[in-house]
Amino acid sequence: MPIEFHFQKNIIFKGRKKLKSFIPTIFELNNTVAGNISFVFCSDDYLLEINKEFLNHDYFTDIITFDLTPKKQKEVDAEIYISVDRVKENAKSNSVPTELELNRVIFHGILHLCGYGDKTSSQKSVMTLKEDHFLSLFSRGTL
């Protein structure tokens with residue numbers, strides 16, 4: 001189950017190897033099996049074009065997750081696009097380190113692949129609790 005990082009726009013973050021090894025744990029603890037997961041770190045403009053083309057949305061976003069899992073396949077295959085510009089801006093406006101915000105967004109995308117939504121306020125609350133839980137586990141290095 002390869003976890004791959006691709007860069008359209010560079011971002012420096014520590015612990016990529018640790019992050020790659022932790023990501024399958026999120027899937028496992030949510031009764032989901034990771035397949036091929038590709039993360040693409042890109043610019044606001046790049047992600048805006050994807051948002052317009054595939055989702056008919058004309059606004060900036062920090063993440064777009066595409067579940068590419070073929071029917072009847074057990075393992076989840078996906079591409080997750082993350083705007084480095086948006087992550088940095090959100091980190092600044094929320095007064096948190098960029099690396100923490102980046103991890104939150106990465107975990108957010110994975111949680112979508114595990115079946116969690118964020119359309120309603122109750123779904124957003126559950127998503128935030130899950131993000132916080134996995135951020136805590138990751139930062140403590142437990143499991």
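## Loops, helices and cores

Author: Ser95 is a place to start: its relative accessible area is 68%, so Ser95 is exposed. Keep in mind that this is a predicted model.

Reader: Where is Ser95 found?

Author: Ser95 is in the loop between H3 and H4. Its phi is near 55 degrees, which is a positive value in a residue other than glycine.

Reader: And Asn94, buried, partly exposed or exposed?

Author: Asn94 has 47% relative accessibility, so it counts as partly exposed. Asn94 also has its place in the loop between H3 and H4. From Asn94 to His108 there are 14 residues in sequence, and their C-alpha atoms are 16 Å apart in space.

Reader: Where is Asn56, and what is its phi?

Author: Asn56 sits in the loop between helix H2 (44-55) and strand S3 (63-67). Phi there is near 55 degrees, a positive value in a residue other than glycine. With 68% relative accessibility, Asn56 counts as exposed.

Reader: Back to H3 and H4. At what angle do they cross?

Author: Their axes cross at roughly 120 degrees and come within 8 Å. H3 and H4 are therefore oblique to each other. The crossing in which H3 passes H4 is right-handed.

Reader: Which residues make the contact?

Author: H3 supplies Val87, Lys88, Asn90 and Ala91, and H4 supplies Thr98, Glu101, Leu102 and Val105. Sorted by class, the contact of H3 with H4 has 4 nonpolar, 2 polar and 2 charged residues.

Reader: What about H4 and H5, how do their axes cross?

Author: The axes of H4 and H5 cross at roughly 120 degrees, coming within 9 Å. That angle makes H4 oblique to H5. The crossing of H4 and H5 is right-handed.

Reader: Which residues of H4 and H5 are in that contact?

Author: From H4 there are Leu100, Asn103, Arg104, Phe107, His108, Leu111 and His112. From H5 there are Met127, Thr128, Lys130, Glu131, Asp132, Phe134, Leu135 and Phe138. By class, the contact of H4 with H5 has 7 nonpolar, 4 polar and 4 charged residues.

Reader: Lys130 is on that list. What does Lys130 contact?

Author: Leaving aside neighbours within four places in sequence, Lys130 is in contact with Asn30, Leu111 and Tyr116. Lys130 lies in helix H5. Its relative accessible area is 25%, so Lys130 is partly exposed.

Reader: How many residues along the chain separate Lys130 and Phe13?

Author: Lys130 and Phe13 are 117 residues apart along the chain, and 22 Å separates their C-alpha atoms.

Reader: Now H1. How do the axes of H1 and H5 cross?

Author: Helix H1 (residues 16-29) and helix H5 (residues 121-140) have axes that come within 11 Å and cross at roughly 140 degrees. That makes H1 oblique to H5.

Reader: Changing topic: which residues touch the most other members of the largest nonpolar core?

Author: Those are Phe39, Phe41, Ile82, Ile106 and Phe107, out of 33 residues in the core. Two or more residues come from each of strand S1 (3-7), H1, strand S2 (33-42), strand S4 (75-83), helix H3 (84-93), helix H4 (98-113) and H5. H4 gives the largest share of this core, 7 residues.

Reader: What is Phe107 in contact with?

Author: Apart from neighbours within four places in sequence, Phe107 is in contact with Leu19, Phe22, Ile26, Glu131, Phe134, Leu135 and Phe138.

Reader: How many residues are in the other core?

Author: That core lies apart from the largest one and has 7 residues, among them Val40, Cys42, Leu47 and Ile50.

Key. Residues numbered from 1 in each chain as written. Predicted model: local features only at pLDDT ≥ 70, side-chain atom pairs only at ≥ 80, totals over all residues. Heavy atoms only, no water. Axes fitted to C-alpha atoms, helices over the stretch in contact; angles between N-to-C directions. Helix = DSSP H or I, 4+ residues; strand = E, 2+ residues; numbered from the N terminus. Parallel < 35°, antiparallel > 145°, perpendicular 65-115°, else oblique. Core = buried A, V, L, I, M, F, W, Y, C linked by side-chain atoms within 4.5 Å. Buried < 20%, exposed > 50% of the residue type's maximum accessible area, 1.4 Å probe, protein only. Contact = heavy atoms within 4.5 Å. Left-handed = near helix turned anticlockwise from the far one by under 90°. Nonpolar A, V, L, I, M, F, W, Y, C, P; charged D, E, K, R; others polar.
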